[in-house]
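Subject: Structure handover

Dear colleague,

Please find the structure below. My notes on what was found in it follow.

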Amino acid sequence: MRMMGDLHRNITIALPLLLAGGCEQTSEPAVPAPRANSAAAPQTPSEERAAPLFVDRIDGSGIDFVHDPTISGEYFLPEEIGSGLALIDVDGDGDLDLYLVDGGRHCGTEIGELRPNVLYRNDGDWRWTDVTAESGTGDTGYGMGVAAADYDNDGDQDLFITNVGRNVLLRNDGTGRFEDVTAAAGVAGDEGNMSLSAVFVDLDRDGYLDLYVTNYIVWREGVDSTCFSPGGVRDYCPPSMYRGCVDRLYRNRGDGTFEDMTSIAGIDLVATHSMGVVAIDFDHDGDEDLYVTCDGESNLLWVNQGDGWRFNEEAGLFGCAVNRDGVSEASMGIACVDIDGDGDEDLYLTHLAAETHTFYESRNGSFDDRTTQYGLGYWSLPDTGFGLTFFDAENDGDFDLFVGNGKVTLQPPFLDPDHPYAEPNRLLIQEDDRFIDRSADARPALDHMGMTRGVARGDLDGDGLVDLVVTNNRGRIQLLQNRMGRGYHWLGVRLEGTTDNRDGIGATIALLDRQADAPAATARVRVHSGYLSSHEPVLRFGLGEASDARGVEVTWPSGAVERFSDLALDTIHHLRQGSGTPVERQE
């Protein structure tokens, strides 16, 4: 990896705690601090090989959630698409709580039972309590995904849930109780659409988070055809058999309501089968663009024209609409990552088996398919990938990768005859600028096979290492505790905007080398990525053995720049906008 001073340029975006309320940078934080890194004892090489890299802590956790999409026998397409999750500190106690999206009764039918989504409170020590009823979070729509963010800038995290049919916005009142404000906010969407992913992002830089929602298909009972697998067995139909639809873009007015800007922005010019979306300032012009993955069709790059409400679709022009062979792929999950440390964010997409996943490297203002060069494709040939996340598993300063898999067709080989859609997940560790499959070293946790959909990352036990939560269609979740500690240092940053959006979403954080007083790594605060899932807006810089990082420089979405110095290692710092040292912006 490229380095500056003793610091690796690559970083990892982690998901520990964004706490309610705020405090300026002081020596006595007003919010609970994460527990000290208890994984700091270095391991010998033999011990490291002997110990599993991850351990599933679901047994005895108190989490009894089992995803139920209601298998109707009619092969309704929504049954195999969901669902996602959110890691969110709903009560401000410093722990990451867990919100899980369920299926249930098929929209517009009497097929299946109404099943609420579930919120679990983190009680510490890998124990959780169901607080759905008292929190008011048990939406009973046929759920797909969830986006968590502080859309009203009141200091706590809210929830936007995508469904087959009416979407739902739940507003947190600051005590961990939520109110359905969908109708008043104007974000229910189209009753006949199947919405999947959502991203909160400040597109016009007015300090309020706007909302983009992907819509997959128009669905109602009776639209599904009769389809068969290659072996002649009844199976789910491909998305091409369904009518695609238009995504939705909403402007946050700042008063708790949203304005539908879909037509004004030009988003309604394209009707497709959208799945994932990420916000990315790929052209470094200071405003956020939107990259949308489309199932079996050309992907979309909506380029912001500067005011937040005029967009041009330019994926083909910039080389990220199709792969290097000019072929459209399935494009389920999506993640942004600056793998080469050049300050440009790259894109990584998961696809169907036999397609390989695709890595688009941002180079000189355009994207180039460089999947092979980074070893990010060949191992994925047998996989049907959905949720994914880049993270620094060891805090050694470079990115590692977890990918969740699960079939969508009855295509042999069947690795588990009792569960023909099940596939194993993968853990890739970066070594010498290549990604090496280390899934076997995470056994028995990764021996589990299912229809994995959502993947979220976060330090669930406060030991300084990033853990993983995995959702499985028709199955239990997995709580994967990270055991890869080497005693390496890290530095966490949690932003609180005052004039910018409260979560600091879209801000860029540069890690400063104490000796050189210059950026050693940069990353953008991003909450929503992967597949149908949501992460906390906390950035974690893995430092390896380096110990000379002592500050960060924050470029807020509005363009204001300030520096925060003398930051201790191995903890998360809550940085409030306006409490650092202003830096004159270089034009």
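**What was found**

P582 lies in strand β41, residues 581-583 (strands are DSSP runs of E with at least two residues, helices are runs of H or I with at least four, and both are numbered from the N terminus). This is a predicted model, in which local features need pLDDT of at least 70 and side-chain atom pairs count only at pLDDT 80 or more, while totals for chains, interfaces and linings use all residues. Residues are numbered from 1 along each chain as its sequence is written, and side-chain values use heavy atoms, with hydrogens and water left out.

P582 counts as exposed because its relative accessibility is 68% (buried means under 20% relative accessible area, exposed over 50%, and partly exposed in between, with a 1.4 Å probe and protein chains only). Leaving aside neighbours within four places in sequence, P582 is in contact with V561 and E562 (contact means heavy atoms within 4.5 Å). R177 is 405 residues from P582 along the chain, and their C-alpha atoms are separated by 37 Å.

**The chain as a whole**

The protein chain has five helices and 41 strands. Its C-alpha atoms fill a box of roughly 65 × 55 × 50 Å, taken along the principal axes. For 587 residues, a compact globule would have a radius of gyration near 25 Å, and the 22 Å of the protein chain agrees with that (the radius is taken over C-alpha atoms, and the globule rule is 2.2 Å times the number of residues to the power 0.38).

Of the 587 residues, 62% count as buried. Among contacts in the protein chain with a separation of 6 or more, 62% are between residues 24 or more positions apart. The chain exposes about 20,200 Å², and carbon and sulfur atoms supply 47% of it (areas come from the Shrake-Rupley method with a 1.4 Å probe; for residues, only the protein chains shown count as cover).

There are 44 positive and 103 negative side chains, and the centres of the two sets lie 2 Å apart. Here Lys and Arg count as positive and Asp and Glu as negative, without His and the chain ends; the place of a charge is NZ of Lys, CZ of Arg, CG of Asp or CD of Glu.

**Nonpolar cores**

In soluble globular proteins, nonpolar side chains tend to be buried together. The largest nonpolar core has 22 residues, of which I81, M194, L196 and Y216 touch the most other members (such a core is a set of buried Ala, Val, Leu, Ile, Met, Phe, Trp, Tyr and Cys residues joined through side-chain atoms within 4.5 Å). At least two residues of this core come from each of β8 (142-149), β12 (193-201) and β13 (210-218). Another core, of 20 residues, lies apart from it and includes L511, L543, V554 and W556.

**Buried residues in loops**

I63 is found in the loop between β3 and β4, and counts as buried because its relative accessibility is 4%. Leaving aside neighbours within four places in sequence, I63 is in contact with I58, L98, Y120, W128, R476, I477 and L479. One of these, Y120, is 57 residues away along the chain, with 7.5 Å between the two C-alpha atoms.

D89 is in the loop between β4 (85-88) and β5 (97-100), and at 2% relative accessibility D89 counts as buried. V181 is in the loop between β11 (178-180) and α3 (182-185) and is buried as well, at 13%.

**Backbone points to look at**

Most residues other than glycine have a negative phi, and most peptide bonds are trans. R205, not a glycine, has a positive phi of about 55 degrees. R205 is found in the loop between β12 and β13 and is partly exposed, at 31% relative accessible area. D432, also not a glycine, has a positive phi of about 55 degrees. D432 is found in the loop between β29 (426-431) and β30 and is exposed, with a relative accessible area of 74%.

The peptide bond from G82 to S83 is cis, with omega near 5 degrees; S83 is in the loop between β3 (54-56) and β4. From R443 to P444 the peptide bond is cis, with omega near 5 degrees, and P444 is in the loop between β30 (434-437) and β31 (449-458).

Regards
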